[in-house]
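Please read them with the structure open.

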Amino acid sequence: MSILWLAKKNDDFISHCKCEESFVGDAGQLDCPWCGCGWLFSCSKCRKAFSFAEAVNVNKTWKELAREDLLGFSGKEPNQSEITQWIDHMQHMTSHLELGQTYVYLDGCFIPTDEEDFEFEGLHAKHDFHKPPQVIALDDERIVSDLLENPDYWTQNAINS
């Protein structure tokens, strides 16, 4: 049985992960999404960031994916409750993935790179984009300082402001 999951697609834009097999881990987004935790994927093994991931079939169980990610995050063997919570959360997060599609992470959501004219409420802020900002950054890196890494953007668009 295979599971549809996200794996690092390439080294475009930002890519600090050099693992041979890089699966997306739970973002673990904090209250400072501008630091990168709100707009970059995290490798389940090395925990280093990258920008683009592709939906692929993996020959692992949900429990194996959960254990690998939780162990990579904490460095300790996860208990059954942590594994169950991770599986429930990530099954919800990945329910809309399409095989072969490329995605970016933004504020709690996996967004297809070909998405256009979309708005949503993320974990931290409300967003309204013509294209995913990571895609825009491939041609115009100013979006990093103007938006992605800009605390003012995230604070001004915060859901609880």
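1. The model is predicted.

2. The largest nonpolar core is made up of 26 residues. Trp5, Leu6, Val24, Phe41, Trp86 and Phe110 have the most contacts inside it. Two or more residues of this core come from each of strand E1 (3-8), strand E4 (53-58), H1, helix H2 (80-93) and strand E5 (102-106). H2 gives the most, with 5 residues.

3. Setting aside neighbours within four places in sequence, its contacts include Phe23, Val24, Glu54, Ala55, Val56, Val58 and Trp62. Leu65, Trp86, Met90, Thr94 and Leu97 are also among them.

4. How do H1 and H2 lie relative to each other? Two packed helices are described by the angle between their axes and by the distance between those axes. For H1 and H2, the axes come within 9 Å and cross at roughly 110 degrees. Angles of 65 to 115 degrees count as roughly perpendicular, so H1 and H2 are roughly perpendicular to each other.

5. On the H1 side of this contact are Trp62, Lys63, Leu65, Ala66, Asp69 and Leu70. They meet Gln80, Glu82, Ile83, Trp86, Ile87, Met90 and Gln91 in H2. By class, the contact has 8 nonpolar, 2 polar and 3 charged residues.

6. Asp69, one of the H1 residues in that contact, deserves a separate look. Helix H1 spans residues 62-74. Is Asp69 buried or exposed? Its relative accessible area is 2%, and buried means under 20%, so Asp69 is buried. The side chains of Asp69 and Trp86 are joined by a polar contact of 2.6 Å. Beyond neighbours within four places in sequence, Asp69 is in contact with Gly25, Asp26, Ser44, Arg47 and Trp86.

7. Where is Asn150 found? Asn150 sits in the loop between helix H4 (142-148) and helix H5 (151-156). With 18% relative accessibility, against a limit of under 20%, Asn150 therefore counts as buried. A polar atom of its side chain lies 3.1 Å from the backbone oxygen of Asp146. Residues up to four places away in sequence not counted, Asn150 touches Trp34, Val144 and Ser145.

Methods: Residues numbered from 1 in each chain as written. Predicted model: local features only at pLDDT ≥ 70, side-chain atom pairs only at ≥ 80, totals over all residues. Heavy atoms only, no water. Helix = DSSP H or I, 4+ residues; strand = E, 2+ residues; numbered from the N terminus. Buried < 20%, exposed > 50% of the residue type's maximum accessible area, 1.4 Å probe, protein only. Polar contact = N/O pair within 3.5 Å; in protein donor to acceptor, adjacent residues only side chain to side chain. Contact = heavy atoms within 4.5 Å. Core = buried A, V, L, I, M, F, W, Y, C linked by side-chain atoms within 4.5 Å. Axes fitted to C-alpha atoms, helices over the stretch in contact; angles between N-to-C directions. Parallel < 35°, antiparallel > 145°, perpendicular 65-115°, else oblique. Nonpolar A, V, L, I, M, F, W, Y, C, P; charged D, E, K, R; others polar.
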